[in-house]
Structures are given as structure tokens and as C-alpha cells.
Amino acid sequence: MSTKKYNISVEATLEVIGGKWKCVILCHLTHGRRRTSELKRLMPAITQKMLTQQLRELEEDGIINRISYNEVPPRVEYELSEYGWSLKSILDCLCAWGEKHIVKVYGDKASVLEDNILNK
């Protein structure tokens with residue numbers, strides 16, 4: 001088995017949290033445990049298939065924990081793992097930069113950002 005090589009370390013970061021949805025999922029999980037249905041409601045543009053795939057990949061990479069409850073009907077929740085919490089400062093910086101970018105491009109973030117807990 002050959003060792004993977006990266007040109008710069010940000011490639012390793014993007015390999016784990018890159019893409020359209022992973023950072024959004026992680027930002028929601030910084031506000032506590034969430035069921036799949038809650039995440040879907042918070043991200044209406046994501047398909048169920050994509051949400052499931054992204055959650056599985058984040059779990060495989062050790063970024064989130066999947067908690068299954070032995071109940072009827074079955075209940076599953078997701079939370080950031082201890083390793084996942086180490087991404088919080090990165091996520092905060094991405095959000096702050098995104099707000100600045102929205103203001104620069106659109107002038108008023110309130111007219112562009114959805115009304116949800118992440119935008120308070």
C-alpha cells in the first residue's frame with residue numbers, strides 16, 4: 001500500500017470536510033445533537049441520499065458520532081466527536097468570512113441569509 005501524498009496540508013482538510021454540504025452539517029452540529037430529519041429540515045436543498053452519504057463519510061472519518069437508540073421506531077442522532085470539535089475554529093472563520101463576503105457582494109446580509117439559528 002502506497003502512502004498518500006499531499007502538495008499542501010489544506011488538501012487533507014478539504015478531503016475530509018470539502019464539498020457543498022459537510023461544513024454546513026458540521027456547523028449545525030456545533031449547536032448540539034441532531035436527528036437526520038432535523039438536519040434535512042435545516043438544509044431543505046440537500047437530498048436525503050446526499051445527506052445520508054455525507055453523514056456516513058463524516059462518521060467514517062471520525063468527525064461525527066452516530067448514536068442509535070434501541071427504540072421503536074428507531075431513533076438515530078448525530079453529534080460532533082471530540083476530533084470533530086477541533087474543527088470549530090475553522091467553521092467559525094468560514095462563517096465570519098462568508099458574512100463579510102455577503103455584505104461586500106449584496107450589501108445586506110439579512111436579505112440573503114435564511115432565518116435560522118446559525119445566522120443569529
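How exposed is E15, going by its relative accessible area? With a relative accessible area of 43%, E15 is partly exposed. Keep that residue in mind, as it turns up again below.

A word on confidence: this is a predicted model, and the protein chain averages a pLDDT of 91, with 95% of the residues scoring at least 70. Among the elements, helix α5 (residues 82-85) has the highest mean pLDDT, 98, while helix α6 (residues 88-106) has the lowest, 92.

Now for the helix pair. Helix α1 (residues 10-17) and helix α2 (residues 22-29) have axes that come within 8 Å and cross at roughly 75°, which means α1 is roughly perpendicular to α2. On the α1 side, E15, V16 and I17 make the contact, and on the α2 side K22, C23 and L26 do. Sorted by type, that gives four nonpolar, no polar and two charged residues.

On to the salt bridges. The count comes to seven, including these:

| Pair | N to O distance |
|---|---|
| K4 and E15 | 2.7 Å |
| E57 and K22 | 2.7 Å |
| R33 and E79 | 2.8 Å |

K4 sits in the segment before α1 and E15 in helix α1, so their bridge ties together parts eleven residues apart in sequence. E57 belongs to helix α4 (residues 48-60) and K22 to helix α2, so that pair ties together parts 35 residues apart. E57 is partly exposed at 26% relative accessibility, whereas K22 is buried at 4%.

R33, in the loop between α2 and β1, and E79, in strand β3 (residues 75-80), are 46 residues apart. Through shared partners, salt bridges join R33, E71, R75, E77 and E79 into one network.

Methods
Residues numbered from 1 in each chain as written. Predicted model: local features only at pLDDT ≥ 70, side-chain atom pairs only at ≥ 80, totals over all residues. Heavy atoms only, no water. pLDDT = per-residue confidence, 0-100. Helix = DSSP H or I, 4+ residues; strand = E, 2+ residues; numbered from the N terminus. Axes fitted to C-alpha atoms, helices over the stretch in contact; angles between N-to-C directions. Parallel < 35°, antiparallel > 145°, perpendicular 65-115°, else oblique. Contact = heavy atoms within 4.5 Å. Nonpolar A, V, L, I, M, F, W, Y, C, P; charged D, E, K, R; others polar. Salt bridge = Lys/Arg side-chain N within 4 Å of Asp/Glu carboxyl O. Buried < 20%, exposed > 50% of the residue type's maximum accessible area, 1.4 Å probe, protein only.
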